[in-house]
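Hi,

Here is the structure I promised to pass on.

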Amino acid sequence: GGPKVTLFSAFRDIVVEPEIWKLGCVYFMYGFSYIIYLTFFVAYLTKEIGVVPVAAGKIFAVLGIFSIFCGVVWGGISDVLGRRYGSLLAYITLALSYVLFAFWKDTAGFYISAVIFGIAAWSIPTIMAAASGDAVGGRLAPAGLGFITLFFGIGQALGPVIGGWLKDSTGTFTNAFLLATIVSLIGGFGSLILKKRTK
């Protein structure tokens, strides 16, 4: 059975693991970027674009429907491609949804963006959960995931604040979505520093 894992011993074993810090940084990018998109989604459509609330709600519902299956899909993709490329692909997919939302200001563009986001919505948490298990082993996996989720939480707290500030200072949500796009791409290419899975 090995030594019993306490919260303290688990934490101590995790903070010395460089891979966990890398995962945390990559996960931060997701927390920061996806929340900007979700937070300002309806406000952007209704206040800036002039979409009626009911129509904005329908677009958002499409996003929700497509997101139901995405965890399963991306778990499979990351098993095949490995965590690095699975994560890279997921981040690029998310970035695409943000950039379309920002610049294709048309009903078709909004729907396509919502579908693309929905498909990849919870991809990164799925991959991160698997990757933290890979990084620290099954025994420490819950603690590892807990630790990197702190990074995600910080990103999620900062995203709307900075996105909102950008909107207020520039008068458009476009720049907030552009920031989400850039941060998402940083997360994607940052994923390439994750270690290759050893068989």
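Let's start at Thr 93, which sits in helix α5, the stretch covering residues 83-103. Keep in mind that this is a predicted model. Is Thr 93 buried or exposed? Its relative accessibility comes out at 17%, and because the cut-off for buried is under 20%, Thr 93 counts as buried. If you skip the neighbours within four places in sequence, Thr 93 is in contact with Trp 74, Ile 116 and Ala 120.

Two of those partners lead on to the next helix: Ile 116 and Ala 120 are among the α6 residues that touch α5. In general, a pair of packed helices is described by the angle between the axes and the distance between them. Helix α6 spans residues 107-120, and its axis comes within 8 Å of the α5 axis, with a crossing angle of roughly 160°. Anything over 145 degrees counts as roughly antiparallel, so that is the label for α5 and α6. Their crossing is left-handed. On the α5 side, the contact is made by Ala 90, Thr 93, Leu 94, Leu 96, Ser 97, Tyr 98, Leu 100 and Phe 101, and α6 brings Phe 110, Ile 112, Ser 113, Ile 116, Phe 117 and Ala 120. Sorted by class, that gives eleven nonpolar residues, three polar ones and no charged ones.

Now for the other partner, helix α2, which runs over residues 18-49. How do α2 and α5 lie relative to each other, parallel or antiparallel? Their axes come within 11 Å and cross at roughly 25°. With the limit for roughly parallel set at under 35 degrees, α2 therefore counts as roughly parallel to α5. This crossing is left-handed too. From α2, the residues in contact include Tyr 27, Tyr 30, Tyr 34, Tyr 37 and Tyr 44, along with Met 29 and Phe 41. From α5, they include Ser 87, Tyr 91 and Ala 102. By class, the contact of α2 with α5 has 14 nonpolar and three polar residues, and no charged ones.

Leu 94, Ser 97, Tyr 98 and Phe 101 of α5 turn up in both contacts, with α6 and with α2.

One last thing, on the cysteines. How many disulfides did the search of the whole structure find? It came back with zero. As for how accessible the cysteines are, Cys 25 counts as partly exposed at 42% relative accessibility, whereas Cys 70 is buried, with a relative accessible area of 1%.

Cheers

How values were computed. Residues numbered from 1 in each chain as written. Predicted model: local features only at pLDDT ≥ 70, side-chain atom pairs only at ≥ 80, totals over all residues. Heavy atoms only, no water. Disulfide = S-S within 2.5 Å. Buried < 20%, exposed > 50% of the residue type's maximum accessible area, 1.4 Å probe, protein only. Helix = DSSP H or I, 4+ residues; strand = E, 2+ residues; numbered from the N terminus. Contact = heavy atoms within 4.5 Å. Axes fitted to C-alpha atoms, helices over the stretch in contact; angles between N-to-C directions. Parallel < 35°, antiparallel > 145°, perpendicular 65-115°, else oblique. Left-handed = near helix turned anticlockwise from the far one by under 90°. Nonpolar A, V, L, I, M, F, W, Y, C, P; charged D, E, K, R; others polar.
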